[in-house]
Amino acid sequence: MSEPGPFASSPCMACEIAPDYFDPLAVDQEQARDVARWRKAERARLLADRQALSVSQRRAAADMIAARVDTLLAERFPSVDGLTLSAWWPIKAELNLRPWLESLLARGARVTLPVVTAPSAPLAFRLWTPDCRMVQGFWKIPVPADGPEVVPDLTLAPLVGWDPAGFRLGYGGGYFDRTLAVLSPRPMTIGIGLQSARLATIFPQPHDIALDVILTEAGVQYEQKDA
């Protein structure tokens, strides 16, 4: 009986991979754990710093940012009439842009709020007006109770932290990145946060998606050249 010959390919095909091959999407698990721990600590620090601001300080920052977003929209769109954008319901001392959102509605824009329809699923966007019926959603955040779900032309994302490369530090659930990965066409994304929340880097991971613009009370801090 003859000895069996070698397999045409090894079961894992490892021997056929070039020794200098590098997978840019591969994740170093130890590095990913280190980044996750660092982000958790930075998130807690930045949230505490924001909470320590007075209501008047946050209101002043929100007013300045609203004016800057208006300027940015005027540069990018002929009119806000008919524009659909997504914002947020403020929690954890987030900047409250609701008065500005109401002014957009008066100018003919449509405003949506993000809705978690299932854990770890991409977000849906439901139309909002000041008099629409609201219910308690995921994380006890108020969301529109019903109404059509739409894809926004523009998405405003609250920033816990941000870096000069356009990456956002959020609350860690990954909902925003998962949503951007599947939306088609992808909306323009503007991160809204405080200048004091700037980080040198968030140590972006393969799942992190850079925003098109980052805007603070000090103005535009990042803008993709082709955005």
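Which residue's charged end sits over the ring of Trp 89? Select Arg 98 along with Trp 89: the charged end of Arg 98 is 4.2 Å from the centre of that ring. Keep in mind as you look around that this is a predicted model.

For another pairing of this kind, pick Arg 168 and Phe 176. Arg 168 lies over the face of Phe 176, 5.0 Å from the ring centre.

Now for the core. Select Leu 85, Trp 100, Leu 154, Leu 156, Ile 190 and Ile 192: in the largest nonpolar core, which has 29 residues, these touch the most other members. Next, colour the elements that give this core two or more residues, among them helix 3 (98-106), strand 6 (154-158) and strand 9 (188-192).

Zoom in on Leu 156. Beyond its neighbours within four places in sequence, Leu 156 is in contact with residues including Leu 85, Trp 88, Leu 97, Trp 100 and Ile 190. There's also a second, separate core of 17 residues, and Leu 47, Leu 169, Ala 197 and Tyr 222 are among its members.

Last stop: the aromatics. The model has four aromatic pairs. Show Trp 139 and Tyr 175, an edge-to-face pair with 5.8 Å centre to centre and 85° between the planes. Trp 139 is in the loop between strand 4 and strand 5 while Tyr 175 belongs to helix 4, so the pair ties together parts 36 residues apart in sequence. Is Tyr 175 buried or exposed? Its relative accessibility is 9%, so Tyr 175 counts as buried.

Note on methods. Residues numbered from 1 in each chain as written. Predicted model: local features only at pLDDT ≥ 70, side-chain atom pairs only at ≥ 80, totals over all residues. Heavy atoms only, no water. Core = buried A, V, L, I, M, F, W, Y, C linked by side-chain atoms within 4.5 Å. Buried < 20%, exposed > 50% of the residue type's maximum accessible area, 1.4 Å probe, protein only. Helix = DSSP H or I, 4+ residues; strand = E, 2+ residues; numbered from the N terminus. Contact = heavy atoms within 4.5 Å. Phe/Tyr/Trp six-rings, centres within 6.5 Å; stacked < 30°, edge-to-face > 60°. Lys NZ or Arg CZ within 6 Å of the ring centre and 35° of its normal.
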